[in-house]
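Visitor: I'm new to this one. Can you put it up and walk me through it?
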Amino acid sequence: MDATPCIANISDMLGCSHQRAEAILSAVMRALRDGLDDHEAATIESSLPADLRAIWPRTAGRHPGLADLGDMGFLGRVHELASSPNEDETKRMVHVVMTSLMIAMAIPGGDRRAAWSALTHLPRESKIVWMKLFRAACFPVERYASDL
């Protein structure tokens, strides 16, 4: 397994160590996996590059459903798993990991615009599940709860 490019990207974007970036990637992947049923999780796993597929959690954790749309606990779960210092940093971690995952999946090109091309080459079913994850991770309900 060589998830190093993705982890290095996370490390650079967050300004943290490689080890910390790996822990953050694992935390976000765990929280995402927990929000999927087995079929959806297999769909996501199959669309990841091999190096990241190797670290995708095979089974839901003890808190299934936390990444599901509308769930108030997704950021809290990432916060807990990644030992994040505060809510703003947790939100930043999630955004960086989701961006890095798309970059890792992108058709080779290396620039950020290429990241969004990752979805274009996936089968429809995979696109739907990825979009569910993006909405749950990047726009969780709890992000806006304080504005109400």
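Predicted model: local features only at pLDDT ≥ 70, side-chain atom pairs only at ≥ 80, totals over all residues.
Visitor: At what angle do the axes of helix 1 and helix 2 cross?
Guide: Helix 1 (residues 4-14) and helix 2 (residues 18-34) have axes that cross at roughly 105° and come within 8 Å. Axes are lines fitted to C-alpha atoms, for helices over the stretch in contact, and angles run from 0 to 180 degrees between N-to-C directions. Helices are DSSP runs (H or I, at least four residues), and strands are too (E, at least two), numbered from the N terminus.
Visitor: So what do we call helix 1 and helix 2 relative to each other?
Guide: Roughly perpendicular, a label for angles of 65 to 115 degrees.
Visitor: Which residues make the contact?
Guide: On helix 1, Thr4, Ile7, Ala8, Ile10, Ser11 and Leu14. On helix 2, His18, Ala21, Glu22, Ile24 and Leu25. Contact means heavy atoms within 4.5 Å.
Visitor: How many helices and strands does the protein have?
Guide: Ten helices and zero strands.
Visitor: How much of the protein counts as buried?
Guide: Of its 148 residues, 46%. Buried means under 20% relative accessible area, exposed over 50%, partly exposed in between (1.4 Å probe, protein chains only).
Visitor: Which residues have the most contacts inside the largest nonpolar core?
Guide: Leu48, Met98 and Trp130, in a core of 36 residues. Such a core is a set of buried Ala, Val, Leu, Ile, Met, Phe, Trp, Tyr and Cys residues joined through side-chain atoms within 4.5 Å.
Visitor: What does leucine 48 touch, beyond neighbours within four places in sequence?
Guide: Met29, Arg53, Trp56, Leu101, Met105 and Trp130.
Visitor: New topic. Which residues of helix 5 are buried?
Guide: In helix 5 (residues 74-82), they are Phe74, Leu75, Arg77, Val78 and Ala82. They sit on the same side of helix 5, because they cover an arc of only 160° around the axis. That arc is taken from the directions from the helix axis to the C-beta atoms.
Visitor: What follows helix 5?
Guide: Serine 83, with a positive phi near 50°.
Visitor: Last one. Where is glutamate 125?
Guide: In helix 9 (residues 124-138). Glutamate 125 is partly exposed, at 41% relative accessible area. Beyond neighbours within four places in sequence, glutamate 125 contacts His39 and Thr43.

Notes: Residues numbered from 1 in each chain as written. Heavy atoms only, no water. Parallel < 35°, antiparallel > 145°, perpendicular 65-115°, else oblique.
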